[in-house]
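Work through the exercises below with the sequence and the model at hand. Each task is followed by a solution in steps.

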Amino acid sequence: MLLKPPSATGREALIALLEGPRPTTAVTTYHGLQGFFFAISCAPRFIEPQEWMDALIAEDEGRRVSRKESTQLLDAILAVYNQTETEVADVANAPPLPADCLFRDDLLANLDEGAPVSQWARGFIKTHAWLDELWKERLPRTLEDEFSKAFPTLAFFSSRKTAQNFVDKIPDCAETKPPPSLEEIASSMKACFADAATNYAKIGRSLERWHATQKEPLHGSLHGVKVGRNALCPCGSRKKYKKCCGHPSPLA
């Protein structure tokens, strides 16, 4: 199921404002904005539009944006946000990347700064870093392994340096077998990308839904049962309650 991206007019206006000589947003590429909203839509708590807007819009550095530009920018940004929200909500059927953000045929060219997937990955990383504490607070230990596989795959193509660092950390399997090349690992990451995007989205959305059902998790009770602060958390994370659901999120 391929969803239509924002209109050509809106897309071009957004690119002009994002990638101009004096950008107005913290994410300065169109595909980077798509990655930004993917991370927003997959967060383990609903991120209010005002929150992500405050994080997205760069501080005023002397550039004055006209009312027309502001309207165009907001409309185009909301179109990207709504598209991403729809795709993540139907993650089982949606493509791993927007229809206008595709891998280049030359595998290693996807590590170039201007490559769509590389821009997407940088926007994704930037937003995930902003939400990192929220993920740490809400990710149960039972999902840590699955999460630790998904995140590096989605971040891999952000730059050649990131990709090479990943390759360099892979231990040799045997003295007689040479370590995998950057191209081999990139091929594997591309093949796993769709599953990684799906799993990342499912983890975040499931945590969001679970926490939304908890009536008084921050006041020492869960499902009407009192939970001691040093007891194991009922959510199954195997962490102490005070370190898990009994600890308020820094973004809550």
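**Exercise 1. A residue in helix 9**

Does tyrosine 200 count as buried or exposed, and at what relative accessibility? The model is a predicted one.

Solution. 
- Step 1. Locate the residue: tyrosine 200 is part of helix 9, which spans residues 182-213.
- Step 2. Apply the cut-off: a residue is buried under 20% relative accessible area. Tyrosine 200 has 0% relative accessibility, so this residue counts as buried.
- Step 3. List the surroundings. With neighbours within four places in sequence left aside, the contacts of tyrosine 200 are Phe38, Ala39, Cys42, Phe124, His128, Trp135, Phe147, Ala150, Phe151 and Leu154.
- Step 4. Take one of these partners and compare sequence with space. Phenylalanine 147 is 53 residues from tyrosine 200 along the sequence, and the C-alpha to C-alpha distance is 6.5 Å.

**Exercise 2. Helix 7 against helix 9**

Determine how the axes of helix 7 and helix 9 are arranged, and name the residues that meet.

Solution. 
- Step 1. Find the approach: the axis of helix 7 (residues 144-155) comes within 8 Å of the axis of helix 9.
- Step 2. Read the angle, which is roughly 125°.
- Step 3. Assign the hand: helix 7 and helix 9 cross in a left-handed sense.
- Step 4. Name the residues. Helix 7 contributes Glu146, Phe147, Ala150, Phe151, Thr153 and Leu154, and helix 9 contributes Met189, Cys192, Phe193, Ala196, Ala197, Asn199, Tyr200 and Ile203.
- Step 5. Sort them by class: the contact of helix 7 with helix 9 holds 11 nonpolar, 2 polar and 1 charged residues.

**Exercise 3. Helix 2 against helix 9**

Repeat the analysis for helix 2 and helix 9.

Solution. 
- Step 1. Helix 2 covers residues 30-41, and its axis comes within 9 Å of that of helix 9.
- Step 2. The two axes cross at roughly 40°. Helix 2 and helix 9 are therefore oblique to each other.
- Step 3. On the helix 2 side the contact is made by Phe38, Ala39 and Ser41, and on the helix 9 side by Ala197, Tyr200, Ala201 and Arg205.
- Step 4. By class, the contact of helix 2 with helix 9 comprises 5 nonpolar, 1 polar and 1 charged residues.

**Exercise 4. Salt bridges**

How many salt bridges does the count come to? Describe the one between glutamate 85 and arginine 205, then two others.

Solution. 
- Step 1. The criterion is a side-chain nitrogen of Lys or Arg within 4 Å of a carboxyl oxygen of Asp or Glu. The count comes to 7 salt bridges.
- Step 2. Glutamate 85 and arginine 205 form a salt bridge with an N to O distance of 3.3 Å. Distant parts of the chain are linked by this pair: glutamate 85 lies in helix 4 (residues 67-89) and arginine 205 in helix 9, 120 residues apart.
- Step 3. Check the accessibility of each partner. Glutamate 85 has a relative accessible area of 21% and is partly exposed, whereas arginine 205, at 15%, counts as buried.
- Step 4. Aspartate 112 and arginine 104 form another salt bridge, at 3.9 Å from N to O. Aspartate 112 is partly exposed at 28% relative accessibility, and arginine 104 is partly exposed at 33%.
- Step 5. In the salt bridge of glutamate 133 with lysine 136, N and O are 3.7 Å apart. Both residues belong to helix 6 (residues 132-138), 3 residues apart, about one turn of the helix. Glutamate 133 is partly exposed, at 41%.

How values were computed. Residues are numbered from 1 along each chain as its sequence is written. This is a predicted model: local features need pLDDT of at least 70, side-chain atom pairs count only at pLDDT 80 or more; totals for chains, interfaces and linings use all residues. Side-chain values use heavy atoms; hydrogens and water are left out. Helices (H or I, at least four residues) and strands (E, at least two) are DSSP runs, numbered from the N terminus. Buried means under 20% relative accessible area, exposed over 50%, partly exposed in between (1.4 Å probe, protein chains only). Axes are lines fitted to C-alpha atoms, for helices over the stretch in contact, and angles run from 0 to 180 degrees between N-to-C directions. A crossing is left-handed if the near helix is turned anticlockwise from the far one by less than a right angle, and right-handed if clockwise. Contact means heavy atoms within 4.5 Å. Ala, Val, Leu, Ile, Met, Phe, Trp, Tyr, Cys and Pro count as nonpolar, Asp, Glu, Lys and Arg as charged, and the others, Gly among them, as polar. Angles under 35 degrees count as roughly parallel, over 145 as roughly antiparallel, 65 to 115 as roughly perpendicular and the rest as oblique.
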